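Hi everyone, thanks for making time for this. Let's look at one structure together and go through it slowly, so please stop me whenever you like.

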Amino acid sequence: QVQLVNSGGGLVQAGGSVRLSCAASGSIFTFNPMGWYRQAPGKQRERVAVIESGGRNYADSVKGRFTISRANAKNTVYLQVNSLKPEDAAVYYCMGKRYGTPYWGQGTQVYVSS
């Protein structure tokens with residue numbers, strides 16, 4: 001069974017940093033693309049970062065502050081989140097597509113204190 005397990009969220013002060021992790025069951029080479037999405041209360045889920053064979057892409061609202069990366073040996077994708085703003089507070093989900101089928105992590109909550 002394909003699983004993506006999210007971790008790393010929590011309460012972070014505005015201006016601070018946090019690293020989110022997405023551990024895949026099996027090789028992440030079979031996932032393309034992989035990305036991070038977030039959903040704040042009362043808002044639609046939005047894509048914030050994606051990594052694929054062609055490179056990386058970010059939402060305009062997070063460019064220069066968020067970095068997506070992958071550690072193939074650990075079958076893990078990370079989202080480094082810097083210079084947190086109150087509007088970054090949300091549940092963050094990773095997503096990976098395997099042979100065209102999307103799989104989602106369970107989500108990890110990021111709270112931002114001002």
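Is strand β3, residues 18–24, mostly covered or mostly uncovered? Mostly covered: five of its seven residues are buried. Please keep in mind that this is a predicted model.

Let's see what pairs with β3. Strand β1, residues 4–7, pairs with β3 in the antiparallel sense, over four bridges. Cys22 stands opposite Val77 in β8.

Now to the aromatic rings. How many aromatic pairs does a search of the whole structure find? It finds two.

Phe31 and Tyr103 form an edge-to-face pair, with 6.4 Å from centre to centre and 90 degrees between the planes. Phe31 lies in strand β4, residues 31–39, and Tyr103 lies in strand β10, residues 101–104, so this pair ties together parts that are 72 residues apart in sequence. How covered are these two residues? Phe31 has a relative accessible area of 1%, so it is buried. Tyr103 is at 27% relative accessibility, so it counts as partly exposed.

Let's move to Tyr37 and Trp104. These two form an aromatic pair that is edge-to-face, at 4.9 Å centre to centre and with 65 degrees between the planes. Tyr37 is in strand β4 and Trp104 in strand β10, 67 residues apart, so the pair links distant parts of the chain. Why does Tyr37 count as buried? Because its relative accessibility is 17%, and buried means under 20%. Trp104 has a relative accessible area of 37% and is partly exposed.

Stay with Trp104 for a moment, because a charge comes in here too: the charged end of Arg45 sits over the ring of Trp104, 4.7 Å from its centre. And what sits over the ring of Tyr78? That is the charged end of Arg19, 4.1 Å from the ring centre.

Key. Residues numbered from 1 in each chain as written. Predicted model: local features only at pLDDT ≥ 70, side-chain atom pairs only at ≥ 80, totals over all residues. Heavy atoms only, no water. Buried < 20%, exposed > 50% of the residue type's maximum accessible area, 1.4 Å probe, protein only. Helix = DSSP H or I, 4+ residues; strand = E, 2+ residues; numbered from the N terminus. Pairing = 2+ DSSP bridges. Phe/Tyr/Trp six-rings, centres within 6.5 Å; stacked < 30°, edge-to-face > 60°. Lys NZ or Arg CZ within 6 Å of the ring centre and 35° of its normal.
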